[in-house]
Structures are given as structure tokens and as C-alpha cells.
Amino acid sequence: MALLSVIRRWHFRDQLSIREISRRTGLSRNTVRKYLRDDTVEPVFKVPERPSKLDAFADKLSAWLRAESTKSRKQKRTIKQLHADLVSLGYDGSYGRVAAFARDWKADRQREQQTSGRGTFVPLAFEPGEAFQFDWSEDWAIIGGERTKLQVAHFKLSYSRAFIVRAYLLQTHEMLFDAHNHAFRVLGGVPRRGIYDNMKTAVDKVGRGKDRQVNARFSALVSHYLFEAEFCNPASGWEKGQVEKNVRDARHRLWQPMPRVASLEELNDWLENRCKDLWQTIPHGTQPETIADIWAEEVSKLMQVGRLFDGFVEYAKRVSPTCLVHFERNRYSVPASFANRPVSLRVYPDRIAVIAEGLSVCEHQRIINRSHDRPGRTVYDWRHYLAVIQRKPGALRNGAPFAELPEAFTSLQRHLLKKPGGDREMAEILALVLHHDERTVLTAVETALDAGVPTKTHVLNLLHRLTDGKPVTPPVIRAPQALSLSQEPKAKVERYDALRKLKEARHAS
């Protein structure tokens, strides 16, 4: 470059001949003429084509890239994996050459499909309280010492960019409803619009354009909170780009390193507090203040939350003869009076409610098994089987529902089953909890055991005293010193013989 500049300056400014320039530079006169004839200020060098180690594998790599382009993002092989596969086929070149080939291939494919313009977008602006964006993601945490896969719900206000993250074990309707309840509680209100992708928990069928067949329960949620739900075009994640970016940012803000907690409840409490702390430190982006400052301005523009949405999913079930209902490979007990009858099962994220005749007859803590290799579990409530053991008291000895009785009942059962009819007495004592407070019955049983009189009669006596407000333990009577005789009588057996000799004496015949 510098030599070309000198040649041009000597010839056009100093008027030196080509012969003189050739002598000074050592270049041939033809080369000097060529540089001056082209009238260029910057030399262009041709890069010779050199063979590459990748040439023999170019067709194979192109076919792989074409196949990977049709897969979902989570199923695609990375360039490092493709390089490793080529090495297994005999390629001994570098990873950088494979990566450069992949970049060129993708650029050529975009030009062929005329999709390079899809990377151009229009910036969006939102008013305070106008909209929020929602999305799901998959992340991992160590819960109770076990590495657990989580379904994470992300909410983000479009104006202030305040966000909240909540983790669940499943991505189902009841989890979606619960996530909305907690998000609106933390964000301080409800925006006028919600922007979603076409998730199956909200959209039953995607029509042409913006036509959507929305799920009935999701419509009930939207109607309850009075916001308008809008759905993006298929495979158009940039239409809710704020929450998409939040999913990516949360990976290093919240999930790296992997959280280690004792329970899912503890994890969600930590996530909520962590998100609020991040509001204080993350700048808004388009305004000089932090997210927390802009959120304080927006919260007054949000609609009031009011009553939370009762976000359950209902299923029709029939109670088995063993007083159990089945759900997700697990079994839950129901009061014996509803055996062999239809009931409704209302499923919440953390509990199961059994509804019959318009009333809630029982509730259980929900069990979620992520591994299908493990057998299902059965959750008993021994109170549900009290009516059965009144007719079949012998079932107390090996009845599975009675394996986890309170310690006082278990101790009393061990004493009563040692004598005939003890199972009947134990069944009648357990039935007392149907008519009296369970804590009061347990107190009566514990008192009877401490007194060393584990009988049904004594337990009933103590229970009546407790319910009547009388003291259970009778007062101690301190008797005075016993009277002592001044002259102790002496035994004289002959007196009885004298009585027999009396004529007046009459004896029993």
C-alpha cells in the first residue's frame, strides 16, 4: 500500500519517468505501468484457492445442517457435536473451520429463502398498565437433595419491565392459573392486556390469522381478571420479545449456580424475593431509573386484583369399593359413605379436593410423581373408614388406613386387642371422634393409659368429665391418723364352743 502511494507520487507529482521509478523501486517497468494504468489507490490481491481438509466432508456436513434446521431448538445438535461426529468419520481438521462452514451455509440458506429480512423489527412502546407478557421455560434445581426438572412461569410488565418468576413441577392448567394469581399479587395489579404464545393450556385450536379457539377455563380466568388475552402468530417469539429476553436473562441471574432448597415452596419464596431485589438494581433500559422506580409509577395504573381466581381443574371420578379415587397413578381416600358413588375431583397445584352433592367432603395434599418408573402412592385418612370398622371391627388388626394412627390410639389398641372383644371396643373408641373433638378424645385416652386403666369404660368416663368441664383426676383425700386401741383384744376360740352349748341358741338348719 505504501509502495503504491510512493509510485503514484513520483510519477504524477514529481514527473519521474517509468524507467527512473523502476530503478528506484526495483520493480519491472511493466509492473510500474500496470499500477499507474489501473488508476487505483488500493491494491487488490487475489487469494489463491487452497484445498481444505473439510472439502471431503462438505456434502455430509451440508446434509446434517439441512436436517438440523428442521428440528426444534432443544433437539438440534450444536456445532461442537457436529464437529465431534465428523471426527468420528475421519475428519482431522479444526472446530473453527466447521463453525465457519456452518455460518456460511446458514447465510446462503437465508438468502435462498429470502428470510434475511426477518431479523429486522420495529421497536414497540407501551403505556403504563397497558400490557404484560407471559412465557414458560424449563430449568433445574436441587430440591430435597434431588436434581429436579422445573416448569417456570415468567411474567413481565411491558412498560416498567418488572418481572416475576415462579416454578412448578408440571405445565398444566392449574399451574397456569396459580401462576397468574401470584403474579398479579406481586406486581400489584392487572394490566389491560396479556400477550401469550399459542400454549396448549390456553389455546385449543389455532385458526387462520389471529383466530383462536380459547380453552374454556382459560377464558374464565381472563373474564375474572377483566384483561384481554392476545396470542402471537405461530413461531413468532419476537412478538413478545421482552419476556423471551427475560427467560434468557433469568438463566444466569437465577438458575446459575443451580438453587439448592428443601422444598418447592422454599424455592418460590426465594425466587419472589430475588426478583424484587433485582428490580432495585437493573436499569430500565429506555429510562434512566431502575425497574423498581418505573414500576412504582406504573402500579397505580394497574387494575385492582380483588378476589383471586379459583384456579382448579375438575374431573369426574367414581369412588372404588375400598373408598379410594384414582388420579395420576395415585389413590386418595374418601369417606366410606361415598363408596361406589360418583364424585368430582377438583385439582389444585398443591391439593386435591373431593366434591359431592355440591359440598367439599375431604381434601388431600397432592402428590406429583415425575418418574413413571416408581409405583403410585396411596394416601389414607383413617377417619374415612370409621363407619366401616363399626361393622367389621376385625379390620383394625391389619387395616392399611389404621397403620398411622396417633400414638395414643396405637398404644390403647395394643392393650385392647390382647383380650376378647378388644377390637370391638377399639372401634367404638375411635368412633368417638365423629361426635367429639379429636384432641379431647386423645386426651382422655392418654389419661387412661397414664392411670393404667386402658378400658373403654374408663375412657368414656374421662371423656364425659372433659366435655362437662369436671376435673379428670379426683382430689386426694388426706385421712386423719387411725384410732388406736388402748388394750388389744385377744383371740379366744372357746367362746364359740360355749355358744353352742346354750339351750336357747337356735342354729340354722
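This is a predicted model: local features need pLDDT of at least 70, side-chain atom pairs count only at pLDDT 80 or more; totals for chains, interfaces and linings use all residues.
The buried residues of H9 are Gln-242, Val-243, Asn-246, Val-247, Asp-249 and Ala-250. I then checked the length of the helix: at 1.5 Å a residue, the 13 residues of H9 (residues 241-253) should span 18 Å, and the end C-alpha atoms are 18 Å apart, which agrees.

I looked at the peptide bond between Gln-256 and Pro-257, and I recorded it as cis, with omega about 0°. Pro-257 sits in the loop between H9 and strand E8 (260-261).

**Positive phi angles**

Gln-15 has a phi near 60°, and its place is the loop between helix H1 (2-13) and helix H2 (18-25). I read Gln-15 as exposed because its relative accessibility is 61%, and the cut-off for exposed is over 50%. Leu-226, also not a glycine, has a positive phi of about 65°, and I placed it in the loop between helix H8 (216-225) and strand E7 (228-231). Leu-226 is exposed too, with a relative accessible area of 63%.

**Salt bridges**

I searched the whole structure for salt bridges and found 31. I then went through several of them one by one.

Asp-178 and Arg-166 meet through their side chains in a salt bridge, at 3.7 Å from N to O. This pair links distant parts of the chain, with Asp-178 in helix H7 (residues 173-187) and Arg-166 in strand E3, 12 residues apart. I noted both Asp-178 and Arg-166 as buried.

Glu-272 forms a salt bridge with Arg-185, and the closest N and O atoms are 3.0 Å apart. Glu-272 lies in helix H10 (residues 264-281) and Arg-185 in helix H7, so the pair ties together parts that are 87 residues apart in sequence.

**Enclosed space**

I asked how many cavities of 30 Å³ or more the structure holds, and the search returned 1. The largest cavity has about 30 Å³ of space, and I listed its lining as Ile-164, Val-165, Arg-166, His-182, Arg-185, Val-186, Asn-268 and Glu-272. E3, H7 and H10 each supply at least two residues of this lining. By class, I have the residues of the cavity lining as 3 nonpolar, 2 polar and 3 charged. I noticed that Arg-185 and Glu-272, which form a salt bridge, are both among the lining residues of the cavity.

I then turned to the second largest pocket, which has about 950 Å³ of space. Its lining has 28 residues, of which Leu-169, Leu-264, Arg-366, Ile-367 and Ile-368 lie nearest the centre. E2, E3, H7 and H10 each give at least two residues to the lining of this pocket. I wrote down its classes as 10 nonpolar, 6 polar and 12 charged.

I finished with two single residues. Gln-413 lies in helix H13 (residues 407-416) and counts as buried, at 9% relative accessibility. Leaving out residues up to four places away in sequence, I found that Gln-413 touches Leu-396, Arg-397, Leu-405 and Met-426. Gln-75, by contrast, is exposed, with a relative accessible area of 57%, and I placed it in the loop between helix H4 (58-68) and helix H5 (79-88). From Gln-75 to Ile-291 I have 35 Å in space, C-alpha to C-alpha, and 216 residues in sequence.

Key. Residues are numbered from 1 along each chain as its sequence is written. Side-chain values use heavy atoms; hydrogens and water are left out. Helices (H or I, at least four residues) and strands (E, at least two) are DSSP runs, numbered from the N terminus. Buried means under 20% relative accessible area, exposed over 50%, partly exposed in between (1.4 Å probe, protein chains only). The expected span of a helix is 1.5 Å times one less than its number of residues. A salt bridge is a side-chain nitrogen of Lys or Arg within 4 Å of a carboxyl oxygen of Asp or Glu. On a 1 Å grid over the protein atoms alone, a cavity is a set of points where a 1.4 Å probe fits but cannot get out, and a pocket is an open set with protein on both sides within 12 Å along at least five of seven lines; lining residues have an atom within 4 Å of a point. Grid points are joined across faces, edges and corners, and a volume is the space filled by probe spheres set on the points. Ala, Val, Leu, Ile, Met, Phe, Trp, Tyr, Cys and Pro count as nonpolar, Asp, Glu, Lys and Arg as charged, and the others, Gly among them, as polar. Contact means heavy atoms within 4.5 Å.
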